[in-house]
Structure formats: structure tokens, C-alpha cells
Amino acid sequence: MQTAIDFVKQIKVGISIGDTLDAFHPALPVDAPTEKSETAWGKPVITEELVDAILKTGFNLIRIPVTWSGHIYEEDFRIEENWLKRVREVVDYAYKKGAFVILNLHHESWNYPYYENREAACSKMRSIWKQLADTFSDYDEHLIFEAQNEPRKVGTELEWNGGDKEGWDVVNATNLAFVETIRSCGGFNPSRYLMLPGYAANCHIAIEHIEVPKDDRIIISVHAYEPYDFALKIDGRSRWNKDTAVIDTIMGRLKELYTDKGIPVIIGEFGAMNKENEEERAAWVRYYLDKAKEIHVPCVWWDNGCFTGNGEKFGLFHRSDYHVIYRKVVEELTK
């Protein structure tokens, strides 16, 4: 019988296609043309050719971040039909090629983890995921549902610092509402693999406080852009300097807390932004993935399609002609 760890071992390496279906424009009506929302952050729509190019390069998992807020009728939490149809179309680009797909809730604000919001957040979580579970009920285990993305106390000093008991409790409650909802639905949902993040998907403090339901098809979701000042800090250093300490610590804790106990982990977001340092980034990727592979943890690169400007430049694939911009990085990812 295949274990959850065995299942995850089938995933080589993944990529998130960010800043597209997770983009949003607050002024758009719920029934606005899907393209207007998908291109709200200046990236072109996701095409089948882009997904084909990613898979051809050697990735075998596509993570599809989706923001559902702005596409939901608030009176009954019903997802707008054309948006749901568009998301399914993008899922199919990868799923029908035999790739693994992760579908999630991304950039949502209704799930902020406060006690006073727990009941409302759980209710909306159940409603949205019931619709998604029904829509994708006949999709097999190649489609993974991820409960939510980085649920946290936005705008507070706790936002990125690992959270507090209130935050951990409410994230665990919304995660459980998600699991119970999926398991109550038909088709492949009773046995579907489900990903659960901790508070903010934090890779340090919060991973100590994830409550794992008694369910043998749960995967822990963690985000780890480490070491931070090299990988994620915009004005940080451009040289990795073989700074392995934090990577080693994270992998050691994930092993102790989860994989040694038969609970798989996927690092659902990682990456090192471009600082005109491709050789350094390629060396960093090689070490990072080697350490993750030791504990059977696949990793998913965050590709937001950004190559220029002063922001977080994580792009690898050009969104218009689909060619690889940083080939050495991609070669290390897909070896």
C-alpha cells in the first residue's frame, strides 16, 4: 500500500505560476471578464503553451495560486461561474498532461486568524472548498488541494514572526474545517491528498504548532526563502557564501516533526530572487534541493514572472515566448 511519503516521492520539483490567477483588482465586479482580473498585476494570462514549456523543462508539479475574493457573491459565497471555469481550464493544462497540480486559496483577507473571526472564516472555508471539491471530484490524486496560503495577522508585528496562540488556534481551526469539508464530498475527495500550512506557512516557530488531523493523506505546507537576506530581502546580499546553517536547521526540524513520523512535507514556496547573481543562485538551489531530498521533501519555486524593477524578481520563464531566462538555475532545479 502506498504511503503518503511514497506519494510525495513521485514529485520531482514544482513551480508556482504567481501573480496571475492570484492577482486581483478591488474595483472589478464579481462577474467582470476573467482576463481583467488575471492580468491585473501586469502579467499575461496563463496559457497552455507556458505550462507545456515548464513541464518540458523537467518540472512535474504546477502550483496554481488563486485568489477567490472578488469572484464570490457575498450573499451566499457562491463562486462566479466563469472564474471557476477559467481556473479549471488552467488546472487542466497540467493535469491532463499527467503532472501533479496544487490548487489553493491565495491572498485572502477573510481568513485572518483572530478568535472573533474563527466562526466566520470556517464557514467561508467550508463553502468555498465544498464548491471546489464538487467541481474537481473526478480528478484523481494528481490534484492536491492546499487549504490556504500564509494565513496571518496582516499589518501587525506578528505578521511574519511566527504568530501567537490565537493565530495558531484559528489557523488550525480553519485547516480542520477544510479537511472535514473535502472528506465529506464525493468522487476522489475522501482520499485526496490535502496540504495544510501553519500560521503564515512559517518555517520556524509556526511549524511547531500545526495540528495534524488523524488522516493518512495530509501533507504539511511550508514556505522557506532562506537564508532570508540572500533569498528574499530585496536590499540584501547577492552572494550566498555557502551559508547553510538555516537550511540545515529547517530540514532537521521538518524531519523530526513530520517526515520521521510518516507525515510528508512540501515546501510550497521557495526561491532566491535575482540580484544579477545567477551562479550564486544556482549553487544555492543545488544545496537546498539536496538537503530537501534527504528527507523526501519536494520543493516548489515561486515564479512571479518578474525580471526587472525594484520588487521581488523571482521569474524564471518568460510569460510571452516561454523561454527560460535563467537556465543555470532551472538546470539545477530539474536535475
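Modeller: A residue is buried under 20% relative accessible area, exposed over 50% and partly exposed in between (1.4 Å probe, protein chains only). The model is predicted, so local features need pLDDT of at least 70 and side-chain atom pairs pLDDT 80 or more, while totals for chains, interfaces and linings use all residues. Residues are numbered from 1 along each chain as its sequence is written, and side-chain values use heavy atoms, without hydrogens or water.

Biologist: What class does D52 fall into, and where does D52 lie?

Modeller: D52 is in helix α3. With 32% relative accessibility, D52 counts as partly exposed. D52 and T249 are 197 residues apart in sequence, and their C-alpha atoms are 35 Å apart.

Biologist: How many helices and strands does the protein chain have?

Modeller: The protein chain has ten helices and ten strands.

Biologist: What makes the radius of gyration agree with that of a compact globule?

Modeller: The radius is taken over C-alpha atoms, and the globule rule is 2.2 Å times the number of residues to the power 0.38. For 335 residues a compact globule would come near 20 Å; the protein chain has 19 Å, so the value agrees. The C-alpha trace spans about 50 × 45 × 45 Å along its principal axes. Of the 335 residues, 58% count as buried.

Biologist: What share of the contacts is between residues 24 or more positions apart?

Modeller: Among contacts (heavy atoms within 4.5 Å) with a separation of 6 or more, the share is 74%.

Biologist: Which residues touch the most other members of the largest nonpolar core?

Modeller: A nonpolar core is a set of buried Ala, Val, Leu, Ile, Met, Phe, Trp, Tyr and Cys residues joined through side-chain atoms within 4.5 Å. The largest one has 92 residues, and W68 and W284 touch the most other members. Helix α4 (residues 81-95) gives this core its largest share, eight residues. A second, separate core holds 13 residues, including V8, F100, Y193 and I266.

Biologist: What does W284 touch?

Modeller: Beyond its neighbours within four places in sequence, the contacts of W284 include E226, P227, F230 and W301. The peptide bond from E226 to P227 is cis, with omega near -5 degrees. P227 sits in the loop between β8 (218-223) and α7 (228-231).

Biologist: Why does N60 count as buried?

Modeller: N60 has 15% relative accessibility, under the 20% limit, and so N60 is buried. The residue lies in the loop between α3 (48-57) and β2 (61-64). Leaving out residues up to four places away in sequence, N60 touches Q10, I11, K12, V13, L55, A99 and F100. N60 and Y193 are 133 residues apart along the chain, with 16 Å between their C-alpha atoms.

Biologist: Why is K242 classed as exposed?

Modeller: K242 has 67% relative accessibility, which is over 50%, and therefore K242 counts as exposed. K242 is in the loop between α7 and α8 (245-257). Its phi is near 50 degrees, a positive value in a residue other than glycine.

Biologist: What is phi of Y322, and what is its accessibility class?

Modeller: Phi of Y322 is near 70 degrees, also positive in a residue other than glycine. Y322 lies in the loop between β10 (299-303) and α10 (327-334). A relative accessible area of 22% makes Y322 partly exposed.

Notes
Helices (H or I, at least four residues) and strands (E, at least two) are DSSP runs, numbered from the N terminus.
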